[in-house]
Amino acid sequence: MSYDAIKSDRALCIGYRKGLAGKCNAQVLKCECGATGCRQTYAENCTEQIFDVNYKCVKCGAVGKYEVLNFVNRIGA
Ligand SMILES: [Zn+2]
Ligand SMILES: [Zn+2]
């Protein structure tokens with residue numbers, strides 16, 4: 001797997017959006033608890049959703065404790 005493939009894999013949500021029958025491809029965020037997923041305006045909008053509209057983690061309940069998984073320098077380092 002190429003570096004670009006890994007990077008895009010990590011940066012875009014692989015979940016599926018309800019009602020759209022397609023890939024989410026939203027920005028992926030990582031919580032301080034280690035969980036990763038996208039943020040959606042509505043609860044349970046995506047199969048891989050982890051943050052709600054208020055940036056609250058659905059796994060651990062922390063609010064705003066996220067980092068953006070995009071242009072991640074440490075991948076491949
Ligand atoms: Zn998603
Ligand atoms: Zn969390």
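Let's start with Arg-39, which has its place in strand 4. This is a predicted model, and the protein in it has one helix and six strands. Along the sequence these follow the pattern α-β-β-β-β-β-β.

**How confident is the model?**
- The average pLDDT of the protein is 82, and 74% of the residues score at least 70.
- Confidence is lowest in helix 1, residues 3-11, where the mean is 54.
- At the other end of the range, strand 5 has the highest confidence, at 96.

**Strand 3 and its partners**
- Strand 3 (residues 28-31) and strand 4 (residues 36-39) run antiparallel and are joined by three bridges.
- Within this pairing, Val-28 stands opposite Cys-38 of strand 4.

**The nonpolar core**
- The largest nonpolar core is made up of twelve residues, including Cys-13, Cys-24, Val-28, Cys-31, Cys-38, Ile-50, Phe-51 and Tyr-66.
- Strand 3 and strand 5 (49-51) each supply at least two residues of this core.
- Strand 3 gives the most, with three residues.
- Cys-38, one of the core residues, has contacts beyond its neighbours within four places in sequence, among them Cys-13, Cys-24, Val-28, Leu-29, Cys-46 and Ile-50.
- Gly-15, Ala-26, Gln-27, Glu-48 and Gln-49 are also among the contacts of Cys-38.

**A closer look at Arg-39**
- Is Arg-39 buried or exposed? Arg-39 counts as buried because 21 other C-beta atoms lie within 10 Å, and the cut-off for a buried residue is 20 or more.
- Leaving aside neighbours within four places in sequence, Arg-39 is in contact with Leu-29, Phe-51 and Tyr-55.
- Arg-39 and Cys-57 are 18 residues apart along the chain, and their C-alpha atoms are separated by 9.0 Å.

**The protein as a whole**
- Of the 77 residues in the protein, 22% are buried.
- Among contacts between residues at least 6 apart in sequence, 44% join residues at least 24 apart.

Methods. Residues numbered from 1 in each chain as written. Chains lettered and ligands numbered in written order. Predicted model: local features only at pLDDT ≥ 70, side-chain atom pairs only at ≥ 80, totals over all residues. Pairing = 2+ DSSP bridges. Helix = DSSP H or I, 4+ residues; strand = E, 2+ residues; numbered from the N terminus. Core = buried A, V, L, I, M, F, W, Y, C linked by C-beta atoms within 7 Å. Contact = placed C-beta atoms within 7 Å. pLDDT = per-residue confidence, 0-100.
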